[in-house]
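The points below are meant to be read with the sequence and the 3D view open side by side.

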Amino acid sequence: MTAMAGIEAGDLGRLLPLHLQVSDDGRILSAGPTLRKIIGPARHLDAVLEVHRPHPGLVFPAAILATAARSGERVFVRLIRPPHTMLRGHGTLARDGSVLLDLGFGIGLSEAVRHFNLTDADFPPSGLVMELLFLHEANAAVLSALSDYNAQLDARRQAAEDRAFTDPLTGLANRRGLTAALEAAMRGLRGQGVPGRRGADRAGFSLLHLDLDGFKAVNDTWGHAAGDRLLTEVAAVLSAETRVGDAVARPGGDEFVLVMPGLVAPEALDALACRIIRRIERPVALPQGEARVSASIGIAVSTDYAGGRLASMSEDADDALYAAKRAGRGRACRLEGPLRRQVMVEPDRSPPPAASGDAAVPPTGAPEGGTTTTAPDGGTTTGGAEGETKGAATNLSAEVAADTGTANNAAGSSRADVAGEAGAARTADGKSTADILPIAAAIGDGTAAARTDTGATDMPVPSATP
Amino acid sequence: MHGLINRSLERFVRDGYGDAAWLDVAARAGVEEGRFEGFRSYPDALTLRVVQVSGERLAKPAAELLEDLGAWLARTEPIRRLLRFSGSDFADFILALEELPGRVGMVLPDLALPRIAVATTGSGQFQVSVGSALPEWRSVLAGMMRAMSDDYGALALIIDEGRHIAVDVSDETFCEGRDFDLWAGVDSLKVARR
């Protein structure tokens, strides 16, 4: 079929492999070889293609193509059968009233190439089909390489960040990590905490500054390696005594800081401090011998601070820590109320009856009256794991260091027995109570500031886990 | 040199000679952390040092090693496909080498491949020259061209004559070339996206 004046159909097909010539009544007069791969052997326009644009309305499709050809408007035709490939192009009107369209693929090119299994030879060299496919593929390859690279960078950044916030010796947070934890805790107070934890965060947080007593002696006598071992042991104690959401930091030397969201109750804090001190006081076996240290703790609670004053919390906790040191070490000083009243708390180091024979050294702060020595559940404390439970249990000596030094029993005497099981589980490592008693000697001036607490509640170690 | 070029070098050594060989090369050449990142830039001197050390370690002249690298690149499927987009037969491919740096530049503008010039010296005969002071490029290109002549199934003589690479395509359809379906890439992209 001769398509155009002077050009054979075959030549037209080679020149325009995607052309379509339609008579004014819709018969397909000529179609390029590539277009034939798409429309098949159809003989009539209406059998294979629908005119998408210009919108035909009620007009005969072939007529709208003629109109578009006359006006130079773009034409969009779509395959009636799946995959409903859209072809776009423009046309010109022949003398015989037929329309010659040159069609091409738009953005659906890749899809059509795949579906109709087209090759380089199916496209005219004037087109940019190969370039487009090349770009499509090259782009994807580069993006994939880039996203691998990004994933690696991300992992490295995370690792670097972890390193930057971690103390390499103990694995605890370092000073930077501590700052971040404090900021997070303060954000929590302003109601921007972790979703789902908002309640606990809003309840406030406590800050415990801890400093080892007697560490320098170990470090100086037995060397840094021994000191490092000891610091690692202390870090393990602190990690064991804290919850998942708490931050434990070693900002430097033998100082440790605990940030404990939601933990603000005085009894719970005192119990925690005493438990930590007792556990740190357990001798640590080192190649050179047993190292015995203790710890002093300063405690501040965010609920005692009006909004803008939070910044001084760390400083106050530090002051409290040194107050605890001045008061004889091996104890905690908790600041209470807006006036930061100092409440001294000291663990009970009195031996349980079963083990009392071994206690050669008088325990620090053991009350003269001996009211604390009798455990309420006396009969069961017969050494081993059970004895340890008792050892870890805490007698609280409370002191209001305000002015007169009047003993204040209230704080210590009203504590409730809430966590017997947890306490036992934590300490059931079979160590004898006697092991943890003689630290007082190492600390030296430990007994001086101790005020009796007749309450002696054989503190049942409220678990730190709320 | 672009990180992707260095990374290709690393992958080539790892692939052909094992991770231990690469780590040895990297340590001797002073490659940071024993690996190259794809999207960083490295000093040319480091790249050249890696080439030199690799040659020593693998007991191969540098030029031979680089030709192997070029062939290895051309056999790497995504790269092979991208190269095949350049021409429908091998002679076509050789002529289109002039466009190669431009094509690469469209996707990786900072890769900075040297200019490639192709002169036709007779029927199926070409001289390919590389516009770079580094002869290393020519070795890589020669190796790549050899691998691509196999890929197209063409019989061609490819000789690095120093100033240029001489190509003599004696039989365009010497044996069956490897498949190149335009759409295979489209499909693999879909899989990758999933």
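1. Please keep in mind throughout that this is a predicted model. The notes that follow therefore describe computed geometry, as belongs to a model of this kind.

2. I would begin with the cis peptide bonds in chain A. One of them joins Arg53(A) and Pro54(A), with an omega of about -5 degrees, and Pro54(A) lies in the loop that runs between β3 (49–53) and α4 (61–71) of chain A. Another joins Pro82(A) and Pro83(A), where omega is about 5 degrees, and Pro83(A) belongs to the loop between β4 (75–79) and β5 (86–93) of chain A.

3. The loop between β4 and β5 of chain A also holds His84(A), a residue that has a positive phi of about 55 degrees although it is not a glycine.

4. Arg340(A) sits in the loop between β13 (332–336) and β14 (341–346) of chain A. With a relative accessibility of 17%, which is under the 20% limit, Arg340(A) counts as buried.

5. Turning to chain B, the axes of helix α4 (residues 62–75) and helix α8 (residues 135–152) come within 6 Å and cross at roughly 45 degrees. An angle under 35 degrees would count as roughly parallel and one of 65 to 115 degrees as roughly perpendicular, so α4(B) is described as oblique to α8(B). The crossing in which α4(B) passes α8(B) is right-handed.

6. Which residues make this helix contact? On the α4(B) side they include Leu66(B), Leu69(B), Gly70(B) and Leu73(B), while α8(B) contributes, among others, Val140(B), Gly143(B), Met144(B) and Met148(B). Sorted by class, the contact of α4(B) with α8(B) has eleven nonpolar, three polar and four charged residues.

7. Finally, a word on cysteines. A disulfide is a covalent bond between the sulfur atoms of two cysteines. When a pair of cysteine sulfur atoms must lie within 2.5 Å to be counted, the total over all chains comes to zero disulfides. Two cysteines of chain A can still be placed by accessibility: Cys274(A) is buried at 0% relative accessibility, and Cys333(A) is buried with a relative accessible area of 0%.

Notes. Residues are numbered from 1 along each chain as its sequence is written. Chains are lettered from A and ligands numbered from 1 in the order in which they are written. This is a predicted model: local features need pLDDT of at least 70, side-chain atom pairs count only at pLDDT 80 or more; totals for chains, interfaces and linings use all residues. Side-chain values use heavy atoms; hydrogens and water are left out. Helices (H or I, at least four residues) and strands (E, at least two) are DSSP runs, numbered from the N terminus. Buried means under 20% relative accessible area, exposed over 50%, partly exposed in between (1.4 Å probe, protein chains only). Axes are lines fitted to C-alpha atoms, for helices over the stretch in contact, and angles run from 0 to 180 degrees between N-to-C directions. Angles under 35 degrees count as roughly parallel, over 145 as roughly antiparallel, 65 to 115 as roughly perpendicular and the rest as oblique. A crossing is left-handed if the near helix is turned anticlockwise from the far one by less than a right angle, and right-handed if clockwise. Contact means heavy atoms within 4.5 Å. Ala, Val, Leu, Ile, Met, Phe, Trp, Tyr, Cys and Pro count as nonpolar, Asp, Glu, Lys and Arg as charged, and the others, Gly among them, as polar.
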